[in-house]
Amino acid sequence: MNQFSKMDKSFDAQANYERSRAEAGYVPRNEARQQDYDRIGFMSGLEVHQQLLTKEKLFCHCPAGVYNKSHEYDAEIVRHMRPTLSELGEYDGTALMEFKTRKEIVYRIKNATACTYEVDDTPPFPINREALGIAIEISLLSKLNIVGEVHITRKQYLDGSIPTGFQRTAIIGVEGEIPLRNKTIRLIQLSIEEDSCREISDIGHKRVYKTDRLGMPLIETVTYPECMNPDEVHEACDYIRFLNRSTGKVRTGIGAGRQDVNVSCKGGTRVEIKGVAHTKWIPELTHNEAFRQWSLLLLRNKLTERITDSSAWKVQVADVNAETIEPLPDILQQATDLKHDIKIIRLPNFKGALSHFTQPGKMFANELSDRLKVIACLEKPNMLHNEMLVPALTEAQWTLMGKKLKANGNDALMLIWGPQDDMKTAIETIEERCKMALDGIPPETRKSLPDGTTIFERVLPGADRMYPDTDSAPIPLADSYIDNLSKNMPEDVIKRYHQLKKWGVPEDTYTYIFSKNLYPLISDMHEKLGIDPKITGTFIGHKLKHELGKAGKDKFKMKTIFHLFAFLKENKLDYRLAWRMLPELIVHPRLDFDSLLNTLKFKKTDEDSILAKLPFVGEKFEVNPKKPESQHRHNWIMGQLRNLATGNIDLTKLAMAVKANQA
Amino acid sequence: MSDDIFQGYKGEALGLLKKFNTRVWGQASIETSRGKFVGTVLPRSENDDDQHIVLKIPTGYNIGIDVKTVISIVETGYKKANYKIPEKQFPVTPGLPKVKLFGTGGTIASRLDYRTGAVIPAFSPGELYGAVPELADICNLETEKLFAVFSENMGPKQYIALAKAIGKEIEQGVDGIVIGHGTDTLHHTGAALTFMCQNLPVPVVLVGSQRSSDRPSSDAALNLMHAMKAAGQSDIAEVMVCMFGPTSDEYGLLHKGTRVRKMHSSYRSTFRTIGDTPLAMINRKEITPIHKTYHKRRNDRNVKIMPYFSDEVTMLYYYPGMRPDTLDALIDAGYKGIIFVGTGLGHVNKELYPAIERAHAKGVHMFMTLQTIWGYVHMFVYDTGRDMMAKGIIPAGNMLPEVAWVKLSWVLGQTNDPAEVKRLMLTPVNDEITDREPYNGYLVYQGGVPEVEAFIKKVHK
């Protein structure tokens, strides 16, 4: 039975929301199984961005990696982006959207980090060779086919994030692969490109950027959409990031690695979740996006049952006189004070759509509101509607306003307000999005939120936005050059993974070891000092991670660990001493190890003299009637000797001696 | 035609394409020692080497394949790019001024061909309307392509043709004229048209763009709107250059054709009025005069077209230690006029004196201008200057070197009489020599660093 056909006066939005969520078969991620993903046809791929560690930017000689605060700048430049006609004489979808928004783009420039190249007043200088070399090395590690000649291409971006209106980018290799634990994911390509501006604010018709990051060398690794569940996407992303880091030639820290995640469900559309800063957010985001699409497809099926001719579907709009709304909600009072227009919009046959489930805590009305913000520049809250979970207007008020538009019980109603100039775009935006709901899932890029949901960011750009950069000549890559680069490459991450396993390094340390690129350190200590990787791996993956985290330090010279173990070995001290020394070492990284031991009140003592103390210590033990004597005696004696023993004697050996002495 | 299907390929690359029967625009699958590549074979730029084949891969990027690595190529399909610019009828709105746009070859508006990367110029009113629809709110537009040359190839022939076309258009009652022009020699043309088209009743506006119109951040559309507005709606009936004021998309400046100069190789705001203030600021809403006096728009059609130009004038940019043989060579080559570009107040070294005397004796007309660009020639201050004047070099006031060259060429196209040449050169047609230089004419940033820093922080640069 179709619940919408009833002309019921009272509509329970909350019940509709929950019902539609159940109909979509939404399950929280921690309860989801592979069958759930198979049912909705989960499919996902990645675009992993990684900044390269170079001194200068990619196409000019400004320093890379020097950042400035948003309020620190020397000048501002204003630009507007105009769409250019595509090959078929049509404007690209994104282009048209960005043009509709009529944004004024302001760039905040700091002399130390930007020159005339960044603001598009000087053509590019020849490509940064250091960056090119790193990109090729990573392409080789990714098993990509390296191109014979690098062609710099312009990729249009009209959001203003790059002052030229396009990003200079070039393919280094195509068709590669990465091994996951249980499968192989193929790579489409790897490109080198210039990084974009950082957004400071985007309010109304003004978007402000800073240009410090703009132009920094970046690579983008693109996979085929071959991940079949959220955890695979996570694993693939980690692998690519670890691979990049294994070269030691990429930047780390906040924003140095970011990924765009492409997701679709069966019958859905490729939607790109942009700029995911942490790989651990990926599972929740991809899960929710796949279900958002699945829910929207369900909504489409419901709507098309009622609306047979989608091309003829139209919204109806009327002006609203605020004086006739009694009582007037605060938000509308503010709009009236600002002399904004208020419009009532009728969405014919859309009853139940606005409160239809899309994501946890979100419904279809949010899709409209998000677009109103981005395309029509109406700041949120920017709409009221008659299916809000917490109603802002009474049913009677809606009925009264709806009369003007001859609305009936099958329709949905909404109110929008804003400057007069923005109303045309706003109404078009609503109509457009609603019509898309009759069709399926609009291709878009979406921004991730910390709660695992996403909001509309832009219309997904079409393919026709690439063209050669007439300012740059092609760069040939000779075999000899590539051979040379391949000589100094690290081994594959997957090989290292298996080696760690073979060494018996506990598995819970791998993420830390790979993300900080500490495998070479462990292998170095193994090869040069002959120390069991199980000891150093555990030390790094547990103790070091813990202590650095506790100290809140992100800058620590990892080479120090090598010196520490070399010192212990040279002085024939037990490696367990490293555990004791590390906290002090982190606080005083410049202190020499002898002094460090002094501050720890460590005394070098040979094994025999420690063992010789056993009878004497044993005599001092007093029986505690509440504890079993044998175990207690053992622990007590160990406790007495631990400080002296650590570093001087293997504690296992000592424990055995204590036991023997007791017997 | 075999050339056509292998567009731009030569040598080894051409041989390889022929060997494997693969054409430009063919979809190809290429097996190489570096792996397999698929995509559409693109034309190759004529100046690039013969060692690579260009491929557009499915993701839209272009790559090059090294011919030395190729094992085999299979053409799996073929699709030739076919493109044309969309034309939309340019609407005629009663009450809007009638503006004529002359094309000279510079790209004002254009469309991209994403497959080839070629920039296809948009020029007809319909094409322009498709690219910059806002123009229809400013004027009723007509266009005419006079010639198609790059800015650096604009010369006397084109100046004369332009001047005549302007005269004809004015007679036919146009309200304003816009000339689309490459930016490199925009100011030479501005000076030439000022001298050739005198007593103008309507604005003649030269416009170009510093960033080509195929890019979203281009200055072309805004420049075009400003120029159309200046031509159709301003009451400044002079030859002007209309280009960006700041590098920001904020306003344009209208510069007098005789006082404007390109001052930066790539900046958007490259054009500057030298030794004076610009005529006016212009944005899409209004035109704000900066100059207090200018030639006003009139209803009559009494323009005076004087299309003269001699190709026997040259320039000599002086440098320390210049030997007289450079000047001798010019005299021997038969030049009738020489514009000196001297140091400081207008000086050259003594070693040149005998050559100068020889030139003077041969009847060569010589004028002095400045390397400093800003300021006046003052040849009375030092003996050197007085010596040179005695030897026949005439100071050209604060006329810009390029303008002096254009003007002497124009003058010698009319007369060879020394007194008349001098009179015409030193009688300004439109401020190429000014009586006075305003305090804010010399407005360069370096004068007060902290103040200017504060200033450009406050207003948009």
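Entry 1: The model is predicted; local features need pLDDT of at least 70, side-chain atom pairs count only at pLDDT 80 or more, and totals for chains, interfaces and linings use all residues. Residues are numbered from 1 along each chain as its sequence is written, while chains are lettered from A and ligands numbered from 1 in the order in which they are written.

**Entry 2: a helix pair.** I then turned to helix 15 (residues 533–551) and helix 17 (residues 577–587) of chain A, whose axes come within 10 Å and cross at roughly 30 degrees. Helices (H or I, at least four residues) and strands (E, at least two) are DSSP runs, numbered from the N terminus. Axes are lines fitted to C-alpha atoms, for helices over the stretch in contact, and angles run from 0 to 180 degrees between N-to-C directions. Helix 15 of chain A and helix 17 of chain A are therefore roughly parallel to each other, a term for angles under 35 degrees. Residues are in contact if their C-beta atoms, placed from the backbone, lie within 7 Å.

**Entry 3: chain A against chain B.** I found 48 residues of chain A in contact with 46 residues of chain B. Strand 2 of chain A gives the largest share of the chain A side, five residues. Strand 5 (residues 149–150) of chain A also pairs with strand 4 (residues 62–66) of chain B, in the antiparallel sense over two bridges. Two strands pair if DSSP finds at least two bridges between them. I63(B) is the bridge partner of V150(A) in that strand of chain B.

**Entry 4: a sheet in chain B.** Which order do the four strands of the open sheet have? I read 20-21-22-23 (chain B), with parallel pairing. Strand 20 (313–317) and strand 23 (393–395) of chain B stand at the edges with a single partner strand each, so one side of each has no neighbour in the sheet. Inside this sheet, strand 21 (residues 337–342) and strand 22 (residues 365–370) of chain B pair over six bridges. There, G337(B) stands opposite H365(B).

Notes:
Contact = placed C-beta atoms within 7 Å. Parallel < 35°, antiparallel > 145°, perpendicular 65-115°, else oblique.
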